[in-house]
Amino acid sequence: MKAITIEKQNLTWTDVDDLPPPGADEVAIDVAWAGMNRADLMQRKGAYPPPPGASDILGLEVSGRVAAVGENVSHLEAGDEVCALLTGGGYASRVNVPSAQVLPVPKGFTLEQAGALPEVYATAWMNLYMVAAVQPGERVLVHAAASGVGTATIQLATVMGNPVFATAGNDDKLAFCQELGATGTWNRHNGSFADAVKDWGGADMVLDPVGGDYIAEDQKCLNMEGRIILIGRMGGADAHINTGVMLMKRQRLIGSTLRAQPVGLKGEVMDALYEQVWPRLESGEIRPIIDRTWPIEDADEAMAYLESNESTGKILLQVNQ
C-alpha cells in the first residue's frame, strides 16, 4: 500500500508496509478521499502526536469502499461505500478502523462529498449537544466560522433551532456564513466581538478553536450558565480568565478533543450523526462545504493552502476513485 510519510517536514506519497487484516470489530477501507484538518498540520509539526496505539500516518477522516470486514461485523460488507472517523491513518490507500466509527455514505452523495463529513460533523455534534448540552433556543457563538468545523456547526445548530453568531477574518467569509444560517457576524479585524455578540443577545455556548485572548472576550458576552468549549489554541496556549465573572455568571470553560476519545464514545457520536444529521443531509437541509481538492501526491501544497487561512470549508485529498 501507499501512504504519506513525513521527512524533514516534507510530505511524500510512497510505498509503506501493508496493513494486517482488519481485527474482529474493524473494517478495512480502500480510501477514495481523505479530509485534511488542522490537527494534521499540528501533527506534521510535532505538536499533536497520535494517541498511544494509533497510526502515525496523518488523516482523521476518509471516504471509500469497504475492502474487508472483521468477524464480528455484520452491518457492512465488501464493496459498501462508506465514510469513517479515524484516530489516524487516513492519508493512505487503505486504512483499518473500528466499525463503530464507519457510516454508509448518505443517499445521493458522492464519495467526494462524503469525505468532507465525518470529522467536522462529529466535532460539531459532540461539542454542541453532548459536551455543552445545548438546549433548543440557546444561542451559539462560533469562531473561525468559515472553517470546516465552523461551516458544519453553523448549519447543524441552525437546523436544530440554535441561533448562531459567526466570527471570521474577512467579509466574504462572513457573507457565506450568513448564507449558511448565521444571524450575526463579526470581522475579527474590527477588534473585540464581545459588544456585538451582547447586542445580538449574548451567547449561551461558544465553540472556540482560538483560545488565547479570545477567552476573556468570550466571557464578556456569555449569558448566565454559559459554556466555552475550547477545541483548539490557534491564538496561543495562555489565556486570561476573569474568575469573578466566572463565579457570578456560573460560567464553564471546558477543554474538548475528539481524537483521543474511546471507541465507545465515538460510536455514540457516529450513531447520533446517522440518526440526526444524515437525514438532513439527504433532504438538503445541510450540506458538505468543500473549498478545494488536491491529488494525494500534492498534499504539501494542500497543507500550505490550509495554513494560509484562505479556505472556506473543507480541503480534500483524492487518493483513489
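A residue is taken as buried when its relative accessible area is under 20%, as exposed when that area is over 50%, and as partly exposed in between (1.4 Å probe, protein chains only). Cys83, at 0% relative accessibility, is therefore buried. The structure is a predicted model, in which local features need pLDDT of at least 70 and side-chain atom pairs count only at pLDDT 80 or more, while totals for chains, interfaces and linings use all residues. Residues are numbered from 1 along each chain as its sequence is written, and side-chain values use heavy atoms, with hydrogens and water left out.

Cys221 is also buried, because its relative accessibility is 1%. A disulfide is defined as a pair of cysteine sulfur atoms within 2.5 Å, and a search of the whole structure finds zero of them. Cys221 accordingly is in no disulfide, and the nearest cysteine sulfur, which belongs to Cys177, is 16 Å away.

Nonpolar cores were identified as sets of buried Ala, Val, Leu, Ile, Met, Phe, Trp, Tyr and Cys residues joined through side-chain atoms within 4.5 Å. In soluble globular proteins, nonpolar side chains tend to be buried together. The largest core here has 50 residues, and Tyr121, Leu273 and Val277 have the most contacts inside it. Helix α3 (residues 118-131) supplies the largest share of this core, eight residues. Helices (H or I, at least four residues) and strands (E, at least two) are DSSP runs, numbered from the N terminus. With contact meaning heavy atoms within 4.5 Å, and residues up to four places away in sequence not counted, Val277 touches Tyr121, Trp125, Leu156, Ala272 and Ile286. A second, separate core comprises 34 residues, including Leu11, Val27, Ala34 and Trp294.

Helix α3 is mostly covered, as 12 of its 14 residues are buried. Among them are Pro118, Glu119, Thr123 and Asn127, together with Tyr121 and Trp125. Just after α3, Ala133 takes a positive phi of about 50°.

Helix packing was described with axes fitted as lines to C-alpha atoms, for helices over the stretch in contact, and with angles running from 0 to 180 degrees between N-to-C directions. Helix α3 packs against helix α4 (residues 148-159) at an angle of about 55°, with the axes 8 Å apart. Angles under 35 degrees count as roughly parallel, over 145 as roughly antiparallel, 65 to 115 as roughly perpendicular and the rest as oblique; α3 and α4 are therefore oblique to each other. A crossing is left-handed if the near helix is turned anticlockwise from the far one by less than a right angle, and right-handed if clockwise. The α3 and α4 crossing is right-handed. Residues making this contact include Tyr121, Ala124 and Leu128 of α3 and Ala152, Thr153 and Leu156 of α4.

Thr153, found in α4, is buried because its relative accessible area is 0%. Not counting residues up to four places away in sequence, Thr153 touches Ala124, Leu128, Val142 and Leu207.

Helix α4 also packs with helix α5 (residues 171-180), at an angle of about 30° and with the axes 9 Å apart. The two helices are therefore roughly parallel, and the crossing of α4 and α5 is right-handed. Thr151, Ile154, Gln155 and Thr158 of α4 meet Phe176, Cys177 and Leu180 of α5 in this contact.

Thr167 is found in strand β9 (residues 164-168) and, at 3% relative accessibility, counts as buried. Leaving aside neighbours within four places in sequence, the contacts of Thr167 include Leu141, His143, Leu174, Trp186 and Phe193.
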